[in-house]
Amino acid sequence: MNLPQPPRAVVFDFDGVIVESVEVKSRAFVELFPDRPDLHEAILEHHRDHLGLSRYEKIRWILAELLDEPADEERVDELAARFSDLVLDATVSCPLVTGAEET
């Protein structure tokens, strides 16, 4: 009888599994548009309603649907890079999810 082999590696997702970083991303979407506080709630609602959607798609939607601006690739890439910078800086200081270290 062949017994199953134990796994050689276990891979964990980072955001929300190892560190509590979900709100960091929420804040970053709002920080991309500091001059439009009137749209912050709509931005947050769209982000939270579409958690599995890529930041690129969310940014395209914000530009096209909320700002009525062209969502060309150059502008989307620029905002996505800024988003990454905002998230990276904040994520490294996020607390661990309860039990992550022990696991």
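Predicted model: local features only at pLDDT ≥ 70, side-chain atom pairs only at ≥ 80, totals over all residues.
I started at the surface, where Asp-35, Glu-65, Asp-68 and Glu-69 gather in a patch of negative charge. For such a patch, I took residues with over 30% relative accessible area and no salt bridge, joining like charges within 9 Å. A salt bridge would be a side-chain nitrogen of Lys or Arg within 4 Å of a carboxyl oxygen of Asp or Glu.

Residues are numbered from 1 along each chain as its sequence is written, and side-chain values use heavy atoms, leaving out hydrogens and water.

Next I looked up Asp-35, which sits in the loop between helix H1 (22-31) and helix H2 (40-49). Helices here are DSSP runs of H or I with at least four residues, and strands are runs of E with at least two. Asp-35 counts as exposed at 62% relative accessibility; exposed means over 50%, buried under 20%, and partly exposed in between, with a 1.4 Å probe and protein chains only.

Then I found a nonpolar patch: Val-10, Phe-12 and Val-17 share about 280 Å² of accessible area on the surface. Nonpolar side chains are joined within 5 Å. I placed Val-10 in the segment before H1, and Val-10 is exposed at 59% relative accessible area.

Last, the whole chain: I noted four helices and zero strands. The C-alpha trace spans about 65 × 30 × 20 Å along its principal axes. Of the 103 residues, 27% are buried.

Conventions:
Areas by Shrake-Rupley, 256 points an atom, 1.4 Å probe, with all protein chains shown as cover. Lys, Arg positive; Asp, Glu negative; His and termini not counted. Charge placed at Lys NZ, Arg CZ, Asp CG, Glu CD.
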